[in-house]
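Subject: A structure to look at

Hello,

I am passing on a structure that you have not worked with before. Please open it alongside this email, and then read on for what I found.

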Amino acid sequence: MKKIFLIILTILVTLVANAQTDTTKNKNADSSKIIVDPIEHMPEFPGGIEQFYKYLAMNIHFPREARDNHEHGKVIVRMFIETDGSVSDVRVVRKVSRSIDAEAIRLVKGAPKWYAATIDGVKVRASFSLPIRFNYGSP
């Protein structure tokens, strides 16, 4: 009897965005100080979060090494959404395993462009944290 393995992908998305502006440089200000304004509109995946779920489900490749070692868990990826909507500076801030972490980075880097965050109608670079849960099981 053949065993059929199913990849179960549970994605928890927490949108944590922080706008970044240039450092203040004038006579009366500390040049090491960074001004952070509240985000008016956070970065958004085209079509909304449901489309992002579909993108992940259609593109995930559960690593063989992770499956063989019975590894699973939640990876938290931090990235920046640039003013043009591109994803940059992708880093794992909560690790599971080398192969799962690499797959999470691959998925995020390969995603289509996002809609940029805005402050007062101006597009700004914003940080964004994304938890991705990797589970591998049988039906």
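Below are some notes on confidence, a hairpin, a helix and a few charged pairs.

First, please keep in mind that this is a predicted model. The mean pLDDT of the chain is 77, with 71% of its residues at 70 or more. Residues 1-35 have a pLDDT below 50, although in the model this stretch makes 68 contacts beyond near neighbours in sequence. Where pLDDT is low, the predicted coordinates should not be read in detail.

Strand β3 covers residues 73-81 and strand β4 covers residues 87-94; the two pair in the antiparallel sense over 5 bridges. Ile81 stands opposite Val87 in β4. There are 5 residues between the strands, and in this hairpin Gly85 takes a positive phi near 90°.

Phe128 is buried, with a relative accessible area of 0%. Its C-alpha atom is 5.4 Å from that of Met79, even though Phe128 and Met79 are 49 residues apart along the chain.

Next comes helix α3. Its 12 residues span 16 Å from the first C-alpha to the last, close to the 16 Å expected at 1.5 Å a residue. Several of its residues are buried, including Ile100, Ala104, Leu107 and Val108. In an α-helix, residues three or four places apart point the same way, because there are 3.6 residues a turn.

Asp101, which also lies in α3, deserves a look of its own. Asp101 is buried yet has no salt bridge, and the nearest side chain of opposite charge, Lys95, is 5.4 Å away. Leaving aside residues up to four places away in sequence, Asp101 touches Val75, Val92, Lys95 and Val96.

Where do charged side chains meet? A search of the whole structure finds 6 salt bridges, and here are three of them:

- Arg125 and Glu82 meet at 2.8 Å, N to O. This pair links distant parts of the chain, 43 residues apart: Arg125 is in the loop between β6 and β7, and Glu82 is in the loop between β3 and β4. Arg125 is partly exposed, at 27% relative accessible area.
- Asp89 and Arg91 meet at 2.9 Å, N to O. Asp89 is partly exposed at 33%, whereas Arg91 is exposed at 51%.
- Asp68 and Arg67 meet at 4.0 Å, N to O. Arg67 is partly exposed, with a relative accessible area of 25%.

Enjoy looking around, and write back with any questions.

Best wishes

Methods
Residues are numbered from 1 along each chain as its sequence is written. This is a predicted model: local features need pLDDT of at least 70, side-chain atom pairs count only at pLDDT 80 or more; totals for chains, interfaces and linings use all residues. Side-chain values use heavy atoms; hydrogens and water are left out. Buried means under 20% relative accessible area, exposed over 50%, partly exposed in between (1.4 Å probe, protein chains only). Two strands pair if DSSP finds at least two bridges between them. Helices (H or I, at least four residues) and strands (E, at least two) are DSSP runs, numbered from the N terminus. pLDDT is the predictor's confidence in each residue, from 0 to 100. Contact means heavy atoms within 4.5 Å. Lys and Arg count as positive and Asp and Glu as negative; His and the chain ends are not counted. The expected span of a helix is 1.5 Å times one less than its number of residues.
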